[in-house]
Amino acid sequence: MNAPVNPNKALWEKGDFTRIAATMRESGETLVEKLGITKGMQVLDLGCGDGTTALPEAKLGADVLGIDIARNLVEAGNRRAAEHGLTNIKFQQGDASNLEQVPDKSFDLVVSIFGAMFAPKPFEVAKEMVRVTRPGGRIVMGNWIPNDPTFVAQLLKISSNYTPPPPEGFVSPMTWGVESNVIERFAAAGVSKENISFARDTFTFNFPGTPSAYVDEFRKYYGPTMNAFEAAEKNGRAAQLQKELEELFTSQNKSQNATMIPATFLLVTVAV
Ligand SMILES: C[S@@+](CC[C@H](N)C(=O)[O-])C[C@H]1O[C@@H](n2cnc3c(N)ncnc32)[C@H](O)[C@@H]1O
């Protein structure tokens, strides 16, 4: 018998997220520079992808473990670490909803930038992040914000309009971008509201081609957009989806000769 498909894993192993991550590196580095990382700090990067923030954390001298559900991204992360000559970082497969391979109180800092928000069972995710953080440590999450007018929230909204409805009981990842949900989830994990702070920040996507060429990257390589196009192709709506995305990417582009698109996100800091 084949193992049942985990749709969360299948979504992110689909395509090749490294193609999108390649357009996110500068903002990843800028964000990490603000985290107060010092040499020897124990850092967990959860939903790390191919290491957009994990590699900069290691370059600042932290001992980094990157955990991601997608096998191909873990492999890409380990490859990138070797290419950069980093020996203080390793990537392994795991699920943010159940970090069974990670002992309690192992990390000074748990970072999850647009990562753990995509795991199912958000209350389990909050509990696991708190469990593996040592008392006195911190959790930092970057979460996209539902209905925000900027890039990623709109991209995911448009994509979901073309994708079949999720199964009953599915909790949208975007709920992590609402402060009251974040407070409720960490409260259930034993963290009081006073220990959680929120800020708005911006991540900029840089692509060395036109906005329509960038849409093509998402169509070919980004799981949520690939799924939307697959569904749209079945009912003759693919051209409409393409047009909506080209309008979005073009209207948000700030560059004259390439593509540069800023996106607002919620930065959550939790003192454990
Ligand atoms: C939008 S990407 C962000 C990746 C990376 N943090 C970055 O900023 O480039 C979302 C990542 O979360 C990972 N992910 C999704 N669900 C997960 C889960 N349940 N446990 C661990 N990682 C997960 C995906 O495989 C993917 O690498």
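Lys105 is found in the loop that joins strand E3 (89-93) to strand E4 (107-113), where strands are DSSP runs of at least two residues and helices are DSSP runs of at least four, numbered from the N terminus. This is a predicted model, in which local features need pLDDT of at least 70, side-chain atom pairs count only at pLDDT 80 or more, and totals for chains, interfaces and linings use all residues. Residues are numbered from 1 along each chain as its sequence is written, and side-chain values use heavy atoms, with hydrogens and water left out.

**Loop residues with positive phi**

- Lys105 has a phi near 50°, a positive value in a residue other than glycine, and Lys105 is exposed, with a relative accessible area of 56% (exposed means over 50%, buried under 20%, and partly exposed in between, with a 1.4 Å probe and protein chains only).
- Asn147, in the loop between strand E5 (133-144) and helix H7 (151-162), also is not a glycine and has a positive phi of about 65°.
- Asn147 is exposed, with a relative accessible area of 59%.

**The ligand and its surroundings**

- Among the 19 residues around the ligand, Gly47, Asp68, Asp95, Ala96 and Ile113 come nearest, a residue being near if one of its heavy atoms lies within 4 Å of the molecule.
- A backbone N or O atom of Ala96 lies 2.8 Å from a nitrogen atom of the ligand, and for a backbone N or O atom of Ile113 the distance to a ligand nitrogen atom is 2.8 Å.
- A backbone N or O atom of Ile69 lies 3.3 Å from a nitrogen atom of the ligand.

Definitions and conventions: Polar contact = N/O pair within 3.5 Å; in protein donor to acceptor, adjacent residues only side chain to side chain.
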